[in-house]
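Please look over the sequence and the three-dimensional model below before reading on.

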Amino acid sequence: CYNCHTTATPLWRKDEEGKTVCNACSLYYKLHSSARPISMKSNIIRKLSR
Ligand SMILES: [Zn+2]
């Protein structure tokens, strides 16, 4: 995935610029009209543990 660099997704999609993105990133972009922040899921745990 161009956005989150995952290699596991049920469905590959392409964004407006033709970049290959995963299903989750594509749906997020359509909902929020902005790229899905990758740090959102992992950074929260790191901040709490530090
Ligand atoms: Zn992605």
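The zinc ion is held by four protein donors, C1 (SG), C4 (SG), C22 (SG) and C25 (SG), which lie 2.2 to 2.4 Å from it; donors here are N, O and S atoms within 2.8 Å of the metal (3.2 Å for Na, K and Ca), and sites may look incomplete, since water is not among the atoms. This is a predicted model, in which local features need pLDDT of at least 70 and side-chain atom pairs count only at pLDDT 80 or more, while totals for chains, interfaces and linings use all residues. Residues are numbered from 1 along each chain as its sequence is written, and side-chain values use heavy atoms, with hydrogens and water left out.

Along the chain, the donors of the zinc ion follow the spacing C-x2-C-x17-C-x2-C. The angles among the 4 donor atoms run from 105 to 114°, and the site is tetrahedral, a label given to four donors if all angles lie between 85 and 135 degrees.

Both C22 and C25 are buried, where buried means under 20% relative accessible area, exposed over 50%, and partly exposed in between (1.4 Å probe, protein chains only). The largest nonpolar core has 5 residues, namely C1, C4, V21, C22 and C25; such a core is a set of buried Ala, Val, Leu, Ile, Met, Phe, Trp, Tyr and Cys residues joined through side-chain atoms within 4.5 Å.

| Residue | In contact with (heavy atoms within 4.5 Å) |
|---|---|
| C25 | C1, N3, C4 and R36 |
| N3 | V21, C25, A35, R36 and I38 |

N3 is found in the segment before β1 (12-14), and its C-alpha is 9.9 Å from that of D15, although N3 and D15 are 12 residues apart in sequence. Helices (H or I, at least four residues) and strands (E, at least two) are DSSP runs, numbered from the N terminus.

In helix α1, the buried residues are N23, C25, S26 and Y28. α1 is followed by S33, whose phi is positive, near 60°. H5, which is also found in the segment before β1, has a positive phi of about 65° although H5 is not a glycine. Is H5 buried or exposed? H5 is exposed, with a relative accessible area of 63%.

Terms used: Tetrahedral: all angles 85-135°; square planar, octahedral: opposite > 155°, others 65-115°. Contact = heavy atoms within 4.5 Å. Lists of a residue's contacts leave out its neighbours within four places in sequence.
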